[in-house]
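Me: I'm new to this one. Can you walk me through it piece by piece?

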Amino acid sequence: MPETIAAVILPSLIQALGAIGVPLATIAAIAPALALGASYLLIGGALALASTAFQPPKPEAPKPEDGKYNLKQSVPPLTYSLGPVKKGGDYAFLEETGGTAYHITVIAAHGIEGFVQHYLHDEAVNPSAGGAVNDPAHFNNHVAIQTRLGDAASTAYSEVVSAFPAIWTEDHRGDGLATVMLLVQSVASEDLQSTYPSGMPLHTAIIQGHNGIYDPRADLSGYTENIPLHRLWHLTHAVGGKLTMDEMYLPDWEAAADVADETVTNRSGGSEPRYHGGFWFRADNDPVQVGRIMDQAAELVIYERSDGLVGVHPGEYVEPDIRLVQNDIISVNYDPNKRKASTVLAVRGRYTDPAKGYNTADAAIYGIPYPSDDERTKTVENQAVQRHNHMARLQKIAFIRANAPRVTVKAHYEPAKDVPYRRFVRVHLPPKLDESVVEIIGRPKLSLRNLTMEFEGIVVPATLYAFNAATEEGEPGANVTPVEPEDVPLPADFAVTIEVEDVGGGSTAAYGEATFTFQNATFQYEVQWEPTSGGALQSTTGAAGETVVRTGFLADGVEYKFRSRTWSAGARSDWTSYVTLTATADPVAPDDVTLVTGTGGVGQVEIEWTAPNSSNYVGARIYLSATNDFETAILQATEYGAPNATDSRTITGQSAGTVYGWVVAINGSGVEAFPVATGAMTVT
């Protein structure tokens, strides 16, 4: 809740506004806002208010989802990342040459601790030591990622310098900027969808942010997830409060950092830090809004001490050292806050969930589950909160505060003079305020005329920050499991048969017919074939949903190997195994030869036969064997001839002994008829 500042500040602010020429009407308009002491006052912001009174408001801090894309514009505002975040970058370079696109994006305007995980279109990738991406395998080393952490003296990307020496040199180092270089190579059109299923890769990354956050406890700067230390950095940076470290009361900030590092128990029984988190913002975002994000996340209250230094009340209950009793109090206005219109039944929570890809997630509702006709709820939303338990604790505190009694106390100056520098005071004014703890929410009003101090507050329990995770945290919403893109499946039940077709004139031609089992109406099957002995590689693709694909005509009698793959939306599967078949244009064998005789001679045999009167007869094959078994016979020659003609063939080079022969009629496709034996022949 907001804390107070010294009452004497308001008159001096009004004088300062008048001194720089702000009209009285404007001063009157903004005076209530100054008096309000709205939550998490940014010290030094009053003069900034005067200088920007007539300017449009600055944009709010980005939501986590705003970092999903890389920004392309002439001069984008610088980005600052505190703690762990997932985000894209701002383009500093994008050119293409030689079929390779070169991207350089600035992911943070400062040094960072490191890159935790890279993503391309929200698909986690793991570059090799040299930057090449082969995990997932579909990128097949066509993408490379390199990074720079934002060192004060960095180095240029040599690949870009080599490719574009005229516009990018070794002097383009990007000192102090955390950058990413993404190289994307072109691929063949048939490989485009399978290599880049989402198009040109879009890079984002989980990073460990700013590595220069000062920790006064160790007097060192480095990386931290401690939110109070983030707030200290912001107040002393040019994009925040523009204060110096000498203007900060460091013991307060050290105490707040210690509170943030305390461990708490979550619903699963594990331990986690009390106020750790992270978020990112741009230099042109409203610094007050950015500060409020951190103040809310760590329950901080920034205030100005009596010595003029900026202090902070940490996010914990502190036993009040101011106790106001009846003699100290002039008047009390007590509001029990029990009206139906003002009470809250439940509190929703929205936070950044790393388990959901650093997107905004809904926490379990705290309070009474509200009926549909009575949605008296409020919402706590904070992008710097990255743990469910953390958000649940903030929800409980918001619930207590929303329903707490309201009080306005006017007290004598002396016992209440330190109220502006406290977060909690104790008020004892029975029966309504019996040793009650009051958390100050308004700006105390000092009356120098009457020497009184008037302040507003809410009555809270001393257990305001107590939290039993086992019973109070609730069950967070289940994480949505992202659907992993599946590879295009292999063709189902791929098979090939040789078919023939009449091509006219009594001639036939062979072709392959591939068949598949139906899988999806959008699938197309590609069939590829080539002779096993080498030759032209050919392919054809069927229509979508078609389960029968025909090849072109095949050379008769040639052995071919066939394989297939599936295409879907431009992506393809792997190839199937080969199926080997011989093309046969005429599967019908001619009639058998007749009148077969065989005569032996010196080192040879002479075989005669009469060809069948079959129109598809083209010749005969002659087989010989040393035994009267055709299974052991070896082809010796093929004699081509006309149907119904007497033919013969002499086979020389035979060894002396008994030889058995067979004559087999064949057609143009080499399909054989039944073998006809010559009988025994004696070779001398």
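Me: Which strand gives the most residues to the lining of the largest cavity?
Reply: Strand 2 does, with 3 residues. This is a predicted model, where local features need pLDDT of at least 70, side-chain atom pairs count only at pLDDT 80 or more, and totals for chains, interfaces and linings use all residues. Residues are numbered from 1 along each chain as its sequence is written, and side-chain values use heavy atoms, with hydrogens and water left out.

Me: What counts as a strand, and what is a cavity?
Reply: Strands (E, at least two residues) and helices (H or I, at least four) are DSSP runs, numbered from the N terminus. On a 1 Å grid over the protein atoms alone, a cavity is a set of points where a 1.4 Å probe fits but cannot get out. A pocket is an open set with protein on both sides within 12 Å along at least five of seven lines, and lining residues have an atom within 4 Å of a point.

Me: What volume does the largest cavity have?
Reply: About 100 Å³. A volume is the space filled by probe spheres set on the points, with grid points joined across faces, edges and corners.

Me: How many residues line the largest cavity, and which lie nearest its centre?
Reply: There are 13, and Pro64, Val85, Phe279, Trp280 and Thr352 lie nearest the centre. Strand 2 (84-87) and strand 15 (279-282) are the elements that give two or more residues to that lining. By class, the lining has 7 nonpolar, 4 polar and 2 charged residues. Ala, Val, Leu, Ile, Met, Phe, Trp, Tyr, Cys and Pro count as nonpolar, Asp, Glu, Lys and Arg as charged, and the others, Gly among them, as polar.

Me: How many cavities of 30 Å³ or more does the structure hold?
Reply: It holds 5.

Me: Back to strand 15. Is Arg282 buried or exposed?
Reply: Arg282 lies in strand 15 and is buried, with a relative accessible area of 14%. Buried means under 20%, exposed over 50%, and partly exposed in between (1.4 Å probe, protein chains only).

Me: What does the side chain of Arg282 reach?
Reply: The backbone oxygen of Pro77, at 2.7 Å.

Me: And strand 2, which strand does it join by 4 bridges?
Reply: Strand 10, and the two run antiparallel. Val85 stands opposite Ile207 in strand 10. Two strands pair if DSSP finds at least two bridges between them.

Me: What else is joined to strand 10?
Reply: Strand 5 (residues 112-120) is joined to strand 10 by 7 bridges, also antiparallel. There, His118 stands opposite Ala205. Strand 10 (residues 203-210) is mostly covered, with 7 of its 8 residues buried.

Me: New topic. How much space lies in the second largest pocket?
Reply: About 630 Å³. It is lined by 21 residues, and the closest to its centre are His138, Ser194, Asp487, Ala571 and Arg572. Helix 5 (189-195) and strand 35 (571-572) each give two or more residues to the lining. Helix 5 gives the most, with 4 residues.

Me: What about the open sheet, what order do its strands take?
Reply: The order is 3-4-9-8-7, with antiparallel pairing across 5 strands. Strand 3 (90-97) and strand 7 (132-133) are the edge strands, and each pairs on one side only. Strand 3 is joined to strand 4 (residues 100-108) by 7 bridges. Leu94 has His103 in strand 4 as its bridge partner.

Me: Where is Pro136?
Reply: Pro136 lies in the loop between strand 7 and strand 8 (143-149). The peptide bond from Asp135 to Pro136 is cis, with omega near 10°.

Me: Why point that out?
Reply: Because most peptide bonds are trans, and most residues other than glycine have a negative phi.

Me: Which residue has a phi near 60°?
Reply: Tyr358, a residue other than glycine with a positive value. Tyr358 lies in the loop between strand 20 (346-353) and strand 21 (359-362). Tyr358 is buried, with a relative accessible area of 11%.

Me: Is Asn644 buried or exposed?
Reply: Asn644 is exposed, with a relative accessible area of 52%. Its phi is near 65°.

Notes:
A polar contact is a pair of N or O atoms within 3.5 Å; within protein, one must be able to donate a hydrogen and the other to accept it, and residues adjacent in sequence count only if both atoms are side-chain atoms.
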